[in-house]
Amino acid sequence: MKKALFSAMALALLYGCASTPVETESKPAEPRAQAPGQGLPAAPPLATRPTQPPAPQGDPLKDASNSLSKRSVFYELDKYDVRDEYRPVLQAHGKYLAENRGKKMLVQGNCDERGSREYNIALGQRRAEGVKRMLMLMGASDAQVESVSLGEEKPRCGDHGEGCWSQNRRSDMLYGGEY
Amino acid sequence: MTRLATFLAALFFLAGAAQAQLTIEIIGGGANQIPIAVLPFVGESALPQSITEIVEQDLSRSGRFRAIFVGGVSPPPTEIAQVNFPEWKSRLADALVIGQAQRLPDGRFEVRFRLLDVPKQSQIGGIAFTLTAAQTRLTAHKIADFIYEKLTGERGVFSTRIAYVVKQGARFELRVADADGQNAQAILISTEPIMSPSWSPDGTRMAYVSFQNKKPILFVQHLSASKQPAPVANYRGSNSAPAWSPDGRQLAAVLTKDGSSQVYLMNADGTNLRRLTFSGAIDTEPFFTSDGQSIYFTSDRGGSAQIYRMPASGGEPVRVTFEGDYNVSPRVSPDGKTLAYISRNSGRFQLMAMDLDNKQVQTLTDGQRDESPSFAPNGRIILYATDVDNRGVLAAVSSDGRFKQRLGIQAADVREPSWGPFLGN
């Protein structure tokens, strides 16, 4: 959310906001208006994100300690809204996609086995689309993410009961090369 | 690679399919059954199957006939003059079938039969067929169709075919079989799910949804299998729920390329795509009425999944179902009078029938997970998917709900039935 707000502001500055720039944040953005490649690169960007381990020793998508390794969102029965607990994960993926424009993602929506197979395709699609929209809000582009549905056709858990069904009501995020 | 494997599999008739035939179990009786005696056809032992047996099973399975014991008649009559009518009257038969089979000099066979009216002691009709040994089953089904039509006034469906999907482990097969479940052939084999098979109105092509490319894509396959199945809708997002227009020229389908699941119309080869619904909600499961004028579909535009009807060219939809919060999978009977659909009632999914004239609704089944209804082309029977002990089986119910039967395959999940059209149409 913060990231989205920041991007929106940066965008507004870039295009020259019509309102009078009385906000304090307008100042640090000014140096970026200079043509790139001129002079030494400013150091601050590195210092502003000390929380991210800068060591690129492994693939962040597969590093268990990185939220990018989390790829699933689970749902209540008949529901398709992304619960708050999954927002940090989607935020991480949205940011990753924004920073890696060459990366593509397939979001697969799934349902439990109850009800019409075709209706479940539509419900799974709505779940996947919800994830896609949130990723776009976090910085991903439309072209990077395709949302599709597997309906009830590819259950992760094959038994018949809520213990299984809750695992199957799910959206999965797969990066190019993983599907 | 998968495509190639699928294509190769589609090319070959599966000789091994014989041990995985559908078996039929009748689980409910119908009222007003016509008592009929089908006497052994003289000389039929020269044929690979007993025509008499197949005819008798077809008629019994329809729920409209009751087979009368035919033992103790030797030799069976082949001409009306040889029939002891008082005997059959005392056995309470209303109709009698007699016939014979003989090998022709060219190796083919001739089968002739007569349908007799016992109370009137007269012939109702009869036909002679020339056939190869491989056409024995089909000939028997045609004889049953003739008898059914003469005695009920409606066209029989015994010589029609059905399609269904079988899941065995990680293997999916789209199969086509005779209406009695026999003579099954796999027309498509895949390691990824197959769903929503739909016969073209002329019975030559099958539209279905394949997941072989990790997402639902719509294909049309020619049953002659000389052509590779062709994708007709492979847009960004999901492509599913194919439904043929009655003239076979167009397909309605559900695409998500513009956002939510919406109904689109295209030519049968996928060209000339245009969007029919504009709801932003879920619109899916389109189904043409047989006059081609309307499309029924499922939508949650009103807050819950309900059935709607709209003009086949698009336009303002009218809501059709109002009871409950989950009414899906609309299918209209060939005569346009009945709407079959699935309703969720207290957590159970059941097959319903609505009289479209007076809007009266009847619950046809009492299963837990009934789905995917499909009308026989004469509208008399509805085939659907259900489960027994968590295994998918097919079931059939007469459209008045009186007669029920189950069709299952041992150790396999059977689902997604679709009843094909009348032959020769």
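Predicted model: local features only at pLDDT ≥ 70, side-chain atom pairs only at ≥ 80, totals over all residues.

Reader: Why is B:F172 called buried?

Author: A residue is buried if 20 or more other C-beta atoms, placed from the backbone, lie within 10 Å of its own, exposed if 12 or fewer, and partly exposed in between. B:F172 has 24 other C-beta atoms within 10 Å and is therefore buried. B:F172 belongs to strand β8 (residues 171–178) of chain B; helices (H or I, at least four residues) and strands (E, at least two) are DSSP runs, numbered from the N terminus.

Reader: Which residues does B:F172 contact beyond its sequence neighbours?

Author: Two residues are in contact if their C-beta atoms, placed from the backbone, lie within 7 Å. Leaving aside neighbours within four places in sequence, B:F172 is in contact with B:V165, B:K167, B:S190, B:E192, B:P193 and B:I194.

Reader: What makes A:D78 buried, partly exposed or exposed?

Author: A:D78 has 16 C-beta neighbours inside 10 Å and so counts as partly exposed. A:D78 sits in the loop between β1 (72–74) and α4 of chain A, and its phi is near 65 degrees, a positive value in a residue other than glycine.

Reader: Why are α4(A) and α5(A) called oblique to each other?

Author: Axes are lines fitted to C-alpha atoms, for helices over the stretch in contact, and angles run from 0 to 180 degrees between N-to-C directions. Angles under 35 degrees count as roughly parallel, over 145 as roughly antiparallel, 65 to 115 as roughly perpendicular and the rest as oblique. The axes of α4 (residues 87–99) and α5 (residues 117–137) of chain A come within 8 Å and cross at roughly 60 degrees; the two helices are therefore oblique to each other. At this crossing, A:L90, A:H93, A:G94 and A:L97 in α4(A) meet A:V131, A:M134, A:L135 and A:L137 in α5(A).

Reader: What makes a group of residues a nonpolar core, and how many residues has the largest?

Author: A nonpolar core is a set of buried Ala, Val, Leu, Ile, Met, Phe, Trp, Tyr and Cys residues joined through C-beta atoms within 7 Å. The largest has 118 residues, and B:I51, B:V55, B:L96, B:V97, B:A253, B:I382 and B:L383 have the most contacts inside it. Helix α4 (residues 136–152) of chain B gives the most to this core, with 6 residues. Another core, of 14 residues, lies apart from it and includes A:L90 and A:V131.

Reader: Which residues does B:V55 touch?

Author: Not counting residues up to four places away in sequence, B:V55 touches B:V38, B:V97, B:A140, B:I143 and B:A144.

Key
Residues numbered from 1 in each chain as written. Chains lettered and ligands numbered in written order.
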